[in-house]
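Subject: Model handover

Hi,

Here is the model we spoke about. Please load it first, then read the notes below.

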Amino acid sequence: MSFLHLAIVAPLILSIFIPLFYRTFRQIHTGWFVLPLPILLFGYFLTFLPETMSGTSFIKMINWIPSLGINFTAKVDGLGLLFSLLITGIGALVVLYSIYYLAKNKEKLNHFYVYLLLFMAAMLGVVLSDNLIVMYAFWELTSFSSFLLIGYWYERDKSRYGAQKSMLITVFGGLAMLGGIILLYIMTGTFSFTEIMSQANEIFNHSLFVPALLCILLGAFTKSAQFPFYIWLPDAMEAPTPVSAYLHSATMVKAGIYLVARFTPVFGEHILWFWLVSGVGILTMIWGSVFAVKQTDLKAILAFSTVSQLGLIMSLLGVGAAAHHYDFLDENIFTVAVTAAIFHLINHATFKGSLFMAAGIVDHETGTRDIRKLGGLMHFMPITFTISIIGAFSMAGLPPFNGFLSKEMFFTAMVHVTEMDIFNLETWGILFPVLAWIASIFTFIYSMILVFQTFTGKYHSEKFDKKPHEAPIGLLISPIILVSLVIIFGFFPNLLSDSLISPAMSSILPSLLEAGEEFKVHISFWHGPTIELFMTLGVIILGLVLYKTHSRWKKVYKGIPEKLALNRFYDFVLEGLQSVSYKLTNTYMNGSIRSYLVYIFAFFIIILASTLIGKNAFTFSTSNVSSIGVYEVALAILVVLGSICILFAKSRMTSIILLGAVGYTVSLFYVLFRAPDLALTQLVIETISVALFLVCFYHLPKLRKFETRMRFRLINALISVGVGAIVTLIALSAHSSKLFDSISKYYVENTYTEAAGKNMVNVILVDFRGFDTLFEITVLAIASLGIFGMIKLRLNRRKEG
Amino acid sequence: MRKTNNIILETAIKVLLFFIVLYSVYIFTAGHYYPGGGFIGGLMTAGAIVLLLITYDIKTVEELLPVNYRILTAIGLLFAISTSAGSLLFDVPFLTHAFGDVQLPILGELSLHTATLFDLGVYFVVVGVTMTIIQTIGEDE
């Protein structure tokens, strides 16, 4: 076990001790015990920077199930390191924030921090595992721990609803991803991602390539809240705000982004990958931004905005994958899309984290998150206002913040899409910049609504439960650090370009690099009067106009979105599934044994008949048949007559007697076919069973004891005739196709020499195959004890008496 | 309990019972060479006892034959399992029977077979099972 493995599982180990800390040190907020770990891990991961910057990766392996090729291989490369730093860095800030956000004596802190640490370990495991099965295990642990975190206030209905919804959707995607992983294993014979990547060219034309691609993408889209799976994210906002800031802006929802980036070297060259990733991404972006404007809850706006921004990153990754088709690095304009994706990933984590924390502060200090009630808080909370305005301007893509830079690069990438001459992009490519531009306008509008409707305008004191005031400094530290990063990355973006972005790019697009080469990333504010600049200007102008007139056109939303809301569809499907399966089960599981017998026999007929026909198995030959005598015919007629008469007998007594008659005739058959032991036994047993039938008959209740003929039912008649026919056909075919001789010759020869007996039946019963007899007498003993118990043990009667 | 004068039946039983039991013992012991064996022998013995039950009542038969049939079943199973498992002591597979001519003090030379002990187990079980069923159903109100 290396130090790296220890770093991944360290949160798990710490989580074991959390309840202990919680119980022992009641005076100290449990979060303080958690805080050092992410800081330490952040520092530890920083030490990998020089290594990844030089283009190498760090691999450590411990065996888990070597026979199945499943080993815990931890690999740190550019992409993994970027995510690890995000997870631990923002993790530390979120823990700090939660210490001040969650009250020490009101909340179940031991639960909270255990879940949070589980989640942190799971995310580290996802981004640092090279083995896909191990990655999948951690992936499900993220779903599971986020389920626990969303349902943290489990006494609320909405929390439980949101938790269930996110669980169903992400686990659905996770299972699809597992399918994809298995398909990849079938194609390549390995679970190691590094090895799969090296075989990417060989499997490109494999028939399972496209199914694997679709399965992996399904996993990524559900986790990253892409269209149409984004619906769980707004409902996940019932979680405590630190959770929303951590999981639903910075880390978990980016697991899908990570997955897409990770698999770009494998699937990226396929046309489906480009269209699905970039198409769904851009669709999600515009959908999310349009719907975010409609929301009235601060966290709901942020949730839809997260959906939209994730769509942006996703579409950039899709476009970046197209870079594979242009094999020259120096003039390859599409790598800029990947640069933009990574850069925006970092930026989004910083500004969205700070915005969530600011929303949490507003909620914490005023008691509401509804922007219809909020207003004029600027004077009460100047620091929160500053944080929000910086975060929102960065989100809207305004200079001089980092969001501006990544949005410019996003426009650059989208404009370049029109220049591609593959995948039919000559005709459809124009959609990308147009949609991106419209989505950006809406992004601008909701960013403005978020800040200005909360902090400016009129202050209505009667709408709040308490008098608002600035938050304590502890709550403000984390968002202040995040917005400082927003500004720092805005002014000095090249701090990131060599250290994080370039190594991450070489993980995403390894095939474009020659040995020893690395991506040159340079982000600058001013690249001259290009088309992107005019697009940004257009966004600001149109956005301002639309924001000012927002109150007039927002009625438009009332008509459209209700019909398009996917939540309705989700609820409809869930309820529909439930009621349909309930009805279905009620229809066929009706509790009547008769119907079950009908099913059993019907399937019996169907399966046997289809086998007979399908295998062409019916044969009939008379070569193996002995001659038929008079006695046999007479007895057969007796048996048949008796059986038929049972069906039509009116009185039960007649049926019982007829049944006895059939049984005695069978014993005559045994006599005729020279089976004296069987004949004796059959005779006695038939007598006993008829006697028992008569006992039952005698004790029938007087009530409803009217004697009627059995009613005729067509289905029953058909099925019983069918069963009889099918069994006859099978018996005939079995008899007509004897494949080998009977083994009875051995018994005939050895009964006396080996077992010293002359009655072969008895010798077989007690000697050759006495084992069967041993358990048959056990069956008899159990039956008699059962009868004894049923009759003697009357708990009900004892209670009454 | 209704009381009728069943003198003919009672007298006939006293004679018949003897033959039936004798016949069932014959069927049991002859089973290895002729039709019969533990199963049918046991049923026949049970039949004799049932005849007694019909003639007298349950209490009288219980006084005549103070046998707990459930224990008889258990004894039969024990017989069967111990003859089967006994072969393990001689380092041969489970349920390997042994037979041979044995010189006995009074009876002289006799051909004996462990399969008979197994069959005896079957016989006891069948008697026990049949009588348990009939007795419990008969006693039930």
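Interface first. Chain B and chain A bury about 3,100 Å² between them, and carbon and sulfur atoms give 75% of that area. Buried area here is the accessible area (1.4 Å probe) that two parts lose on being put together, summed over both. B:His32, B:Tyr33 and B:Thr136 supply 17% of the area that chain B buries against chain A, more than any other three residues.

Before going on, the ground rules. This is a predicted model, in which local features need pLDDT of at least 70, side-chain atom pairs count only at pLDDT 80 or more, and totals for chains, interfaces and linings use all residues. Residues are numbered from 1 along each chain as its sequence is written, chains are lettered from A and ligands numbered from 1 in the order in which they are written, and side-chain values use heavy atoms, with hydrogens and water left out.

More on the interface. In contact terms (heavy atoms within 4.5 Å), 36 residues of chain B meet 37 residues of chain A. The rule finds one salt bridge across this interface. A salt bridge is a side-chain nitrogen of Lys or Arg within 4 Å of a carboxyl oxygen of Asp or Glu. B:Glu139 pairs with A:Lys792 in a salt bridge, with the closest N and O atoms 2.9 Å apart.

On the side of chain B that touches chain A, the elements giving two or more residues are α2 (38-55), α4 and α5 (114-139) of chain B. α5(B) gives the most, with 13 residues. Helices (H or I, at least four residues) and strands (E, at least two) are DSSP runs, numbered from the N terminus. That side of chain B divides into 21 nonpolar, eleven polar and four charged residues. Ala, Val, Leu, Ile, Met, Phe, Trp, Tyr, Cys and Pro count as nonpolar, Asp, Glu, Lys and Arg as charged, and the others, Gly among them, as polar.

One residue in chain B. B:Thr83 sits in helix α4 (residues 69-86) of chain B. It is buried, at 15% relative accessible area. Buried means under 20%, exposed over 50%, partly exposed in between (1.4 Å probe, protein chains only). The side chain of B:Thr83 reaches the backbone oxygen of B:Phe79 at 2.8 Å. A polar atom of that side chain also lies 3.0 Å from the backbone oxygen of B:Ala80. Beyond neighbours within four places in sequence, B:Thr83 is in contact with B:Thr114, B:Leu117 and B:Phe118.

Now chain A. Its secondary structure comes to 35 helices and two strands. The radius of gyration of chain A is 38 Å, well over the 28 Å that the globule rule gives for 801 residues, so chain A is more spread out than a compact globule. That radius is taken over C-alpha atoms, and the globule rule is 2.2 Å times the number of residues to the power 0.38. Along the principal axes, the C-alpha atoms of chain A fill a box of roughly 115 × 70 × 55 Å. Of its 801 residues, 51% count as buried.

A:Pro38 is in helix α3 (residues 36-46) of chain A. It is buried, at 0% relative accessibility. A:Pro38 and A:Ala92 are 54 residues apart in sequence, yet 5.1 Å apart in space, C-alpha to C-alpha.

- A:Asp77 with A:Arg262: closest N and O atoms 2.8 Å apart. A:Asp77 lies in the loop between β2 (70-76) and α5 (78-101) of chain A and A:Arg262 in helix α13 (residues 255-267) of chain A, so the pair ties together parts 185 residues apart in sequence. Both A:Asp77 and A:Arg262 are buried.
- A:Asp235 with A:Lys165: closest N and O atoms 2.6 Å apart. A:Lys165 is buried, at 0% relative accessible area.
- A:Asp772 with A:Arg769: 3.3 Å, N to O. A:Asp772 is partly exposed at 36%, and A:Arg769 is partly exposed at 46%.

Best wishes

Note on methods
Polar contact = N/O pair within 3.5 Å; in protein donor to acceptor, adjacent residues only side chain to side chain.
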